[in-house]
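Subject: Structure handover

Hello,

Please find the structure below. My notes on it follow.

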Amino acid sequence: MKILVTGGAGFIGSHTVVELIKNKFQPIIVDDLRNSKSFIIDNLYKITGKKIPYYAIDFGDTLKLSEVFKKEEPRGIIHFAADKAVNESINNPLKYYNNNLCNLVNLLSLVDKFKVQSFVFSSSCTVYGVPNSVPVKENAKIKEASSPYGFTKQVGEKILSDFFKTLPNSSLAHLRYFNPIGAHPSGLIGELPIGLPSNLIPFITQTAIGKRECLTIHGNDYNTLDGTCIRDYIHVIDLANAHVLTLNHLFNTAENLILNVGTGNGASVLKVVNRFQEVNNIKLNYKFGPRRPGDVPAIYADNSLIREKINWSAKFTLDDCLEHSWKWENNLSH
Ligand code: NAD
Ligand code: WQD
């Protein structure tokens with residue numbers, strides 16, 4: 001069964017392509033590599049042994065994308081392609097509204113025209129803002145977004161839900177990812193941060209390998225056990241598998257779902273740093289700095305709904321994630 005994967009050369013998209021193939025789906029990648037590199041496509045071939053149809057186009061180019069729909073006739077779409085840097089979105093909101101929302105609307109016109117049955121949207125725990133309590137459930141109150149990026153995920157969900165209500169035979173899922181980390185154990189695909197990373201794990205691995213001098217832990221005076229922020233870090237392959245299970249479910253129902261994808265466990269920044277050093281037997285240069293504006297003190301998932309609906313659970317541990325991220329960094333740098 002053919003699945004169009006926008007952003008299929010990206011961090012989460014590439015791992016999902018591998019899991020789709022393992023589960024007998026046929027992914028079709030649309031990605032113009034604005035945040036990836038062509039060697040990822042080559043490495044997908046090395047991992048899967050399959051030549052995956054790949055279109056290097058902007059998914060917002062409706063004319064070119066129509067040609068792909070005509071040729072490939074996908075039955076489902078997983079829509080990863082988006083811009084995702086929180087800080088950049090504050091400085092350049094139109095870039096985010098354009099790619100994450102205008103292009104999404106254009107994509108949906110083709111969903112209708114080409115009768116695509118099922119659609120999976122990459123949403124984010126960022127839609128919850130600062131939650132009133134943790135673990136956070138899907139029905140938690142959606143607060144005002146703290147960045148244009150977060151706003152595009154809230155509005156993206158709404159646009160899709162409104163639209164799919166008009167398509168009675170189609171099905172939709174919003175997957176709200178918590179903090180995806182890790183990489184493929186082969187070390188052939190992983191996250192490609194462009195420039196100075198703002199996310200924790202690439203900053204750790206780049207510091208450990210000597211690309212950065214020192215990791216700054218943003219704040220150790222939070223009301224948590226060790227004073228540092230708590231997140232729900234999830235291995236990217238576990239996240240990829242959630243997409244496969246979701247698609248299987250969507251093809252058998254006409255449901256519209258919202259699912260948290262997180263392990264259900266919170267880990268503090270200091271715990272991640274300590275486990276990284278222990279698992280990889282390496283000393284990390286780090287210091288404590290002030291809080292980062294906009295950071296949520298603690299957030300992790302209530303994942304009972306995704307367990308119940310699609311029988312998903314995380315298989316990889318935090319240690320696995322940190323071992324695989326380190327292997328990826330080593331392969332990237334050598
Ligand atoms: P990524 O940047 O690695 O992957 C996105 C891919 O989409 C890139 O390869 C990029 O080249 C491509 N792309 C972007 N705009 C495009 C366009 N107009 N046309 C064609 N290709 C385009 O990001 P990721 O981490 O894999 O994230 C995937 C999705 O998951 C995004 O929607 C992101 O907002 C969401 N998400 C990510 C995280 C995270 O921490 N990584 C957390 C929650 C949600
Ligand atoms: C994790 C923790 C930092 C870097 C972001 C987006 C969110 C979602 C996932 C897309 C925090 C601390 C980090 C550093 C540090 N993406 N940290 N030193 O902020 O939870 O979420 O990515 O939807 O929308 O906001 O992830 O990896 O940036 O930070 O101490 O150099 O690590 O303060 O506590 P975050 P992150």
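The lining of the second largest pocket is made up of 6 nonpolar, 5 polar and 1 charged residues. Here Ala, Val, Leu, Ile, Met, Phe, Trp, Tyr, Cys and Pro count as nonpolar, Asp, Glu, Lys and Arg as charged, and the others, Gly among them, as polar. The model is predicted: local features need pLDDT of at least 70 and side-chain atom pairs pLDDT 80 or more, while totals for chains, interfaces and linings use all residues. Residues are numbered from 1 along each chain as its sequence is written, chains are lettered from A and ligands numbered from 1 in the order in which they are written, and side-chain values use heavy atoms, without hydrogens and water.

The second largest pocket holds about 170 Å³ of space. Among its lining residues are Tyr 233, Ile 234, His 235, Lys 271, Phe 316 and Cys 321. β10 (233-235) gives the largest share of that lining, 3 residues, and α11 (318-333) also supplies at least two. Helices (H or I, at least four residues) and strands (E, at least two) are DSSP runs, numbered from the N terminus.

On a 1 Å grid over the protein atoms alone, a pocket is an open set of points with protein on both sides within 12 Å along at least five of seven lines; a cavity is a set where a 1.4 Å probe fits but cannot get out, and lining residues have an atom within 4 Å of a point. Points are joined across faces, edges and corners, and a volume is the space filled by probe spheres set on them.

The whole structure has 1 cavity of 30 Å³ or more. The largest cavity has a volume of about 100 Å³. Of its 14 lining residues, Glu 191, Ile 201, Pro 202, Thr 205 and Trp 328 are the closest to its centre. α7 and α11 are the elements that give two or more residues to this lining.

The axes of α7 (residues 200-209) and α11 come within 10 Å and cross at roughly 55° (lines fitted to C-alpha atoms, for helices over the stretch in contact; angles run from 0 to 180 degrees between N-to-C directions). The two helices are therefore oblique to each other (under 35 degrees is roughly parallel, over 145 roughly antiparallel, 65 to 115 roughly perpendicular, the rest oblique). Ile 201, Pro 202 and Thr 205 of α7 are among the residues in this contact, as are Leu 322 and Trp 326 of α11 (contact means heavy atoms within 4.5 Å).

Regards
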